[in-house]
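These notebook entries record what I looked up in the structure, entry by entry. I began with the packing of helices and then turned to the sheets.

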Amino acid sequence: MIKLEGIEKSFGNNHVLRGVDLTVNTGEVVSIIGASGSGKSTFLRTINFLERADAGKITLDDICVDAANADKKDILALCRNTAMVFQSYNLFQHRTALENVMEALTIVQKKPVQEARAIAEEQLRRVGLSDRMNYYPHQLSGGQQQRVGIARALAINPKVMLLDEPTSALDPEMVGGVLDVIRSIAEQGLTMIIVTHEMAFARDVSDRVAFFADGNIVESGTPEDIFVNTRETRTKDFLKHMLAR
Ligand SMILES: Nc1ncnc2c1ncn2[C@@H]1O[C@H](COP(=O)(O)OP(=O)(O)OP(=O)(O)O)[C@@H](O)[C@H]1O
Ligand SMILES: [Mg+2]
């Protein structure tokens, strides 16, 4: 279970997160949707301290951290158990797919090379890249590079996976394959928070959907609650806009 309580974040005068609360149970998939600039990425980034929240509490199973005052030990404990998948895969260009996935295991987790290799191979197989392990990023399609990014996140065996628009940098023909991989991982029971602009995917894969506007969750519920029985005007307007694209 991961629980975020009262998460606040400002950049200068820009009050981006305004006391966000979100609880995601183990094995649950929650999608966050919402307009550009509403704070979705910032919220995800505060969860694993890519951005430090100004206030709020983060609880991950038995780890409980006051975000504003977290020390190195707290941050490390959270980071060990959360993995982020970025829009722009952030792969090392001079390392192969296999080496990219091994990196976190050998450098951060200090696992022996043989063990790291075995885990990396297993995760690359899981995302359908058994025949691409020794390719460099420039030899892979965008969709394949993103699947390396997902394998890298899976390799650390996180309790929670955070995905920030994992398909929005991809050519349209690559999107489906990556969404299929994410869907299959979700079905295997990994806890996930996914920021996405893919409404059909959010509706299909999520246990719950949260609509974000102006730095807070305006409305959340089952996909049916949000997409069919929408309550808030702001959510309705957003969905109308997304459908019209
Ligand atoms: N490092 C930063 N420094 C200053 N301002 C920032 C920083 N990161 C984000 N912001 C500001 O915070 C606000 C929310 O940005 P954020 O990236 O979280 O939005 P978003 O909902 O993810 O948007 P999008 O859908 O376009 O990705 C924006 O006004 C943005 O300019
Ligand atoms: Mg964003």
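**Entry 1: a helix pair**

I looked up helix α3 (residues 97-108) and helix α4 (residues 113-126), which pack at an angle of about 125 degrees with their axes 8 Å apart. The model is a predicted one. At this angle, I note α3 and α4 as oblique to each other. Their crossing is right-handed. On the α3 side, I listed Ala97, Leu98, Val101, Met102, Leu105 and Thr106 in the contact. The α4 side contributes Val113, Ala116, Arg117, Ile119, Ala120, Glu121 and Leu124. Sorted by class, the contact of α3 with α4 comprises ten nonpolar, one polar and two charged residues.

**Entry 2: the six-stranded sheet**

I traced an open sheet of six strands with mixed pairing, in the order β6-β7-β8-β3-β9-β10. At its edges stand β6 (82-85) and β10 (216-221), each of which pairs on one side only. From one strand to the next, the twist averages 20 degrees.

I then examined individual pairs. Strand β3 (residues 29-34) and strand β8 (residues 191-195) are parallel and share four bridges. Within this pair, serine 31 faces isoleucine 194 of β8. Strand β9 (residues 208-213), by contrast, pairs with β10 in the antiparallel sense, over five bridges. Here valine 209 is opposite glycine 221 of β10. I also noted that β9 and β10 form a hairpin with two residues between them. In that turn, aspartate 214 has a positive phi of about 45 degrees.

**Entry 3: the four-stranded sheet**

I found another open sheet, made of four strands in the order β2-β1-β4-β5, with antiparallel pairing. Strands β2 (14-24) and β5 (63-66) each have a single partner strand, so one side of each lacks a neighbour in the sheet. Neighbouring strands of this sheet are turned by 15 degrees against each other on average, direction ignored. Strand β1 (residues 2-11) is joined to β2 by eight bridges. In this antiparallel pair, lysine 3 stands opposite threonine 23 of β2.

**Entry 4: helices on the sheets**

Which strands does helix α2 (residues 72-81) lie across? I found α2 across β6 and β7 (160-164), running at about 60 degrees to β6. Helix α2 also lies across β4 and β5, at about 125 degrees to β5. Helix α5 (residues 142-155) touches β6 and β7 as well, and its direction makes about 175 degrees with that of β6. For α1, I recorded a position across β1, β2 and β4 (55-60), at about 120 degrees to β1.

**Entry 5: helix α1 and threonine 46**

Why is helix α1 (residues 40-47) described as largely enclosed by the rest of the structure? Six of its eight residues are buried, which accounts for the description. I listed the buried residues of α1 as Lys40, Thr42, Phe43, Leu44, Thr46 and Ile47.

Threonine 46 counts as buried because its relative accessibility is 1%, and the cut-off for buried is under 20%. Leaving aside residues up to four places away in sequence, threonine 46 touches Ile7, Leu17, Glu51, Ala53 and Ile58. Last, I checked the residues that follow the helix: just after α1, phenylalanine 49 takes a positive phi of about 65 degrees.

Terms used:
Residues numbered from 1 in each chain as written. Chains lettered and ligands numbered in written order. Predicted model: local features only at pLDDT ≥ 70, side-chain atom pairs only at ≥ 80, totals over all residues. Heavy atoms only, no water. Buried < 20%, exposed > 50% of the residue type's maximum accessible area, 1.4 Å probe, protein only. Axes fitted to C-alpha atoms, helices over the stretch in contact; angles between N-to-C directions. Parallel < 35°, antiparallel > 145°, perpendicular 65-115°, else oblique. Left-handed = near helix turned anticlockwise from the far one by under 90°. Contact = heavy atoms within 4.5 Å. Nonpolar A, V, L, I, M, F, W, Y, C, P; charged D, E, K, R; others polar. Pairing = 2+ DSSP bridges.
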